[in-house]
Amino acid sequence: RIVIHAPDISTAAALFLMEAAGAINATVALSSPEGRQDATVEATVRNLRVNQAGIGQAEIRAGIEDLFGVPAIDGAIQARSVTAGGVEVSTLSATAQRSGDTTRFDAQATLDNGAIAQATGALAPENGGYRLTLEQASLGRGPVGARLAEPASLRVVGETVAIDGLTLDVAGGRIATRGSVAETVDLDVRITRLPLSIANLVRPDLGLGGMLDGEARVTGQRSQPDVRFNIRGEAITAAALQQAGQSAIDVRATGATTGRRLDIDAAITSPQGLRATARGGVPLSGVGPIAVTVDLAALPLAALNTVVRGQDLGGTITGSARVGGTLAAPQANFDLRGSGLRAAPLQAAGIASLDAVAAGRFAGDTVTLTSARFSGPQGLALDASGTVPLSGGGLSINLSGTAPLSLANRFLAHRGTQVVGGL
């Protein structure tokens, strides 16, 4: 029998180098009839906080038979103000009722944003393992929601998990999975017209929209499976994209994992004229080199005017970058071109637009500008090279060039003076 009476767990948590606070009162009674492990649990939790997770209030009561086998459970959980993984749950209610060897369960949660999650099903022994059956499961708020299209079940025997068929209806779109996971994996996943807005039910700050279609095939050893996929995204919107001046993007990506490496071929376009591709490979485990080539066919700067207001940005940037190094220390060599570059400060100085060519390298949080040339009207030309650290000191830029003196005329006009020539 274990009894916990802790009005404040912060001191005990500090012994385990954890930040935690709150009150826990619990009684756990253990027994082992017929060689199995049974347990009875009664607990209350108040204002519990562990790192970024928390429980405002919880009441737990459960009787569990065969704790380390296929548990048969009678009990209930009631909780409020639960936070975990950035998801905030207002209320959580779950019950389990035993009937013979089968445990039937029913759970419902209401998120802070009003979304409601529900699930009912059963857990029962079967042929040396167990079967988990989901009769109903859903997550929704108003007209947007996801639900089981039909009852689904998983059969687990030892380390083998067989998925008879799991199909989700997501606001009219579908995700279907079938296959098995054992020492080897054999899974097929198909996504059809999946509305990404479903993620906003859990994380409203994402602001996701658009449709996703795709297929994935997972095979190989469970410890190191191989995945081949084909993904197509249409009119994808997101809060992060809006902040980058892009109203929406279309995405096409195919790829495969081999060992601990992902090879990908992807393309992105947007209504604002963005066109870019990325091809190459990256390590999945953090060990190994990055080898990705990014080609920027067009990045119209006018798209940023919705974000940087009053700057009257214009022109287009094109170029390429070869990304290398490692995930912990990425590097890149780049070649960029800008044509018709415009901005309010340039226009205020009498420069209608600029063309630019730049080449350099990024490594160790420092941009090394091998060469850069800016050219404009009336013989304006500026060459630059040097290093630009992204943090700390060490800025070193060399500048040289020529500029027409006529650029100063707008500042001298009130004196009735004009200058000609160049510097």
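**Salt bridges, cores and a surface patch**

Asp 265 is partly exposed, at 24% relative accessibility. Partly exposed covers the range between buried (under 20% relative accessible area) and exposed (over 50%), with a 1.4 Å probe and protein chains only. This is a predicted model: local features need pLDDT of at least 70, side-chain atom pairs count only at pLDDT 80 or more, and totals for chains, interfaces and linings use all residues. Residues are numbered from 1 along each chain as its sequence is written, and side-chain values use heavy atoms, without hydrogens and water.

Asp 265 meets Arg 252 in a salt bridge, 3.8 Å from N to O. Such a bridge needs a side-chain nitrogen of Lys or Arg within 4 Å of a carboxyl oxygen of Asp or Glu. Asp 265 sits in strand S18 (residues 261-269) and Arg 252 in strand S17 (residues 249-258), so the pair ties together parts 13 residues apart in sequence. Strands are DSSP runs of E, at least two residues, numbered from the N terminus. Arg 252 is partly exposed too, at 36%.

The whole structure holds 23 salt bridges. One of them joins Asp 164 to Arg 131, with the closest N and O atoms 2.7 Å apart. Asp 164 belongs to strand S12 (residues 160-170) and Arg 131 to strand S9 (residues 129-141), so this pair links parts 33 residues apart in sequence. Arg 203 and Asp 205 also pair, at 2.9 Å from N to O. Elsewhere, Glu 34, Arg 36, Asp 38, Glu 65 and Arg 98 form a salt-bridge network.

The largest nonpolar core has 13 residues, and Val 170 and Ile 198 have the most contacts inside it. A core is a set of buried Ala, Val, Leu, Ile, Met, Phe, Trp, Tyr and Cys residues joined through side-chain atoms within 4.5 Å. Apart from this core lies another, of 11 residues, including Ala 6 and Val 45.

Asp 213, in strand S15 (residues 209-221), is buried, at 15% relative accessibility. A polar atom of the Asp 213 side chain lies 2.8 Å from the backbone nitrogen of Arg 193.

Last, the surface. Phe 374, Leu 382, Val 388, Leu 395, Ile 397 and Leu 399 make a nonpolar patch of about 510 Å². Strands S25 (381-389) and S26 (396-402) each supply at least two of the patch residues. Patch residues have over 30% relative accessible area and no salt bridge; nonpolar side chains (Val, Leu, Ile, Met, Phe, Trp, Tyr) are joined within 5 Å. Leu 399, in strand S26, is exposed, at 58%.

Technical notes
Patch = residues over 30% accessible without salt bridge, like charges linked within 9 Å, V, L, I, M, F, W, Y side chains within 5 Å. Areas by Shrake-Rupley, 256 points an atom, 1.4 Å probe, with all protein chains shown as cover. Helix = DSSP H or I, 4+ residues; strand = E, 2+ residues; numbered from the N terminus. Polar contact = N/O pair within 3.5 Å; in protein donor to acceptor, adjacent residues only side chain to side chain.
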